[in-house]
Amino acid sequence: MYVHKKIIINTFGYLILIINTVAANHLVAISEVSLGKKIYHDRCEVCHGSQGDGKTFAANALYPTPRNFTAKVSKKELTRERMIESITRGRPGTAMMPWERILSKQEIHSVVNYIQQILMEL
């Protein structure tokens, strides 16, 4: 009886530890645009700029320069599908790398939502 009780208590303790670890590493539910904003500022801002205008120190060293999302031409050319494709697979002949192995589909869609709904509206 004592051995069974000890096994149950230890198992329960391990379950609590696992649940706490998973909970600590799990993203808190946030809106699509908020998630996109976080990803953009963590991963895209260095080249595309905090306002999406491509005016960064890194842009000076890149040819062609990173996309300016605030330009009229970008607003016309950049369909949702093209943006998803560019983020997913990258843009050959540019510094835009593929993100498909780093970002999930949801994260890619969130970044596109953020760029279209916030940066392209500036």
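Beyond its neighbours within four places in sequence, Val33 is in contact with Asn113, Tyr114, Gln117 and Ile118, where contact means heavy atoms within 4.5 Å. Val33 sits in helix α2; helices here are DSSP runs of H or I with at least four residues, strands are E runs of at least two, and both are numbered from the N terminus. With a relative accessibility of 22%, Val33 counts as partly exposed. On this scale buried means under 20% relative accessible area, exposed means over 50%, and partly exposed lies in between, using a 1.4 Å probe and protein chains only. Now draw a distance from Val33 to Ile118: their C-alpha atoms are separated by 8.4 Å, although the two are 85 residues apart along the chain.

Before moving on, note that this is a predicted model, in which local features need pLDDT of at least 70, side-chain atom pairs count only at pLDDT 80 or more, and totals for chains, interfaces and linings use all residues. Residues are numbered from 1 along each chain as its sequence is written, and side-chain values use heavy atoms, with hydrogens and water left out.

Zoom out for a moment and colour by secondary structure. The protein chain has 5 helices and 0 strands, in the order α-α-α-α-α along the sequence. Of its 122 residues, 27% are buried. Among contacts with a separation of 6 or more, 50% join residues 24 or more positions apart.

**Next stop: α2 against α5**

Select residues 32-48 for helix α2 and residues 105-117 for helix α5. The two axes come within 7 Å and cross at roughly 95°; axes are lines fitted to C-alpha atoms, for helices over the stretch in contact, with angles from 0 to 180 degrees between N-to-C directions. The helices α2 and α5 are therefore roughly perpendicular to each other. The classes are roughly parallel under 35 degrees, roughly antiparallel over 145, roughly perpendicular from 65 to 115, and oblique for the rest.

Show side chains at this contact. On the α2 side you will find, among others, Leu35, Ile39, Tyr40 and Cys44, and on the α5 side residues including His109, Val111, Tyr114 and Ile115. By class, this contact has 8 nonpolar, 7 polar and 3 charged residues. Ala, Val, Leu, Ile, Met, Phe, Trp, Tyr, Cys and Pro count as nonpolar, Asp, Glu, Lys and Arg as charged, and the others, Gly among them, as polar.

Which rings form an aromatic pair here? Select Tyr40 and Tyr114: their pair is tilted, with 5.5 Å centre to centre and 50° between the planes. Rings of Phe, Tyr and Trp (its six-membered ring) pair if their centres lie within 6.5 Å, and planes under 30 degrees apart are stacked, over 60 edge-to-face, and the rest tilted. A search of the whole structure finds 1 such pair. Tyr40 lies in α2 and Tyr114 in α5, so the pair ties together parts that are 74 residues apart in sequence. Both Tyr40 and Tyr114 are buried.

**Further along α2**

Click on Cys44, which counts as buried at 15% relative accessibility. Apart from neighbours within four places, Cys44 is in contact with Ile39, Gly49 and Val111. Then select His48, also in α2 and buried, with a relative accessible area of 12%. Leaving aside neighbours within four places, the contacts of His48 include Tyr40, Asp53, Pro66, Phe69 and Met96.

Now go to Pro64, in the loop between α2 and α3 (72-77). The peptide bond from Tyr63 to Pro64 is cis, with omega near -5°. Most peptide bonds are trans.

**Last stop: α4 on α5**

Select residues 80-89 for α4; its axis comes within 10 Å of that of α5, and the two cross at roughly 130°. That makes α4 oblique to α5. The buried residues of α4 are Met83, Ile84, Ser86, Ile87 and Thr88, and the buried residues of α4 pack against α5. Finish at Gly90, which follows α4 and has a positive phi, near 85°.
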